[in-house]
Amino acid sequence: MKVYDKSGAEITINTNKELGSGGEGIIYELSKKLVAKIYHPHIKPAINQQFLIELSKLSKRFIKPIDLFYNKSKAIVGFSMDYLDMHSLHPFTDLFSKATCNQYNYGDKFKQTVLNSLIDGVEEA
């Protein structure tokens with residue numbers, strides 16, 4: 001699949017490197033550090049260049065778009081973002097399971113750190 005950056009440079013996305021998909025689009029690996037989210041054709045992206053600039057002001061605690069991708073008609077078709085290894089993550093609800101907390105050694109100090117980060121993220125957003 002071919003997409004273009006804001007300067008018009010062509011970017012080839014290997015569709016054999018699909019990592020997942022959902023209601024908005026498909027995630028492809030670009031490199032070990034970057035992925036591309038490409039919207040399904042029927043989705044009208046809720047992102048534009050100005051919104052991307054605003055998102056870039058958020059701290060690293062947020063996974064956010066880095067660069068927009070366009071089609072030949074200069075319509076937004078997706079964006080790049082940092083690669084996040086989902087296999088190393090646990091749902092927030094794991095903190096409410098005593099068995100899971102014991103399994104992964106999630107003590108009170110760890111839970112408080114997570115809570116503080118959540119509060120900071122909400123305040124920043």
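I take buried to mean under 20% relative accessible area, exposed over 50%, and partly exposed in between, with a 1.4 Å probe and protein chains only. By that rule, I find that buried residues make up 26% of the 125 residues in the protein.

**Ground rules.** I am reading a predicted model, where local features need pLDDT of at least 70 and side-chain atom pairs count only at pLDDT 80 or more, while totals for chains, interfaces and linings use all residues. I number residues from 1 along each chain as its sequence is written, and my side-chain values use heavy atoms, with hydrogens and water left out.

**Overall build.** I looked up the secondary structure next, with helices (H or I, at least four residues) and strands (E, at least two) taken as DSSP runs and numbered from the N terminus. I get three helices and seven strands, in the order β-β-β-β-β-α-β-β-α-α from the N terminus on. The radius of gyration is 18 Å, well over the 14 Å that the globule rule gives for 125 residues, so the protein is more spread out than a compact globule. For that I used C-alpha atoms, and the rule is 2.2 Å times the number of residues to the power 0.38. Along its principal axes the C-alpha trace spans about 55 × 30 × 25 Å.

**Contacts and surface.** I call it a contact when heavy atoms lie within 4.5 Å. Among contacts with a separation of 6 or more, 37% join residues 24 or more positions apart.

**Lys37.** I went to strand 5 (residues 34–39), where Lys37 sits. Is Lys37 buried or exposed? Lys37 is buried, at a relative accessible area of 15%. Its side chain makes a polar contact with the side chain of Glu24 at 2.4 Å. I count a polar contact as a pair of N or O atoms within 3.5 Å; within protein, one must be able to donate a hydrogen and the other to accept it, and residues adjacent in sequence count only if both atoms are side-chain atoms. Leaving out residues up to four places away in sequence, Lys37 touches Glu24, Gly25, Ile26, Ile27, Val77, Gly78, Phe79 and Met81.

**Positive phi.** I also checked Lys74, in the loop between strand 6 (65–70) and strand 7 (76–82). Its phi is near 70°, a positive value in a residue other than glycine, and Lys74 is exposed at 67% relative accessibility. My last stop was Asn105, in the loop between helix 2 (98–103) and helix 3 (108–124). Asn105 has a positive phi near 55° and is exposed, with a relative accessible area of 67%.
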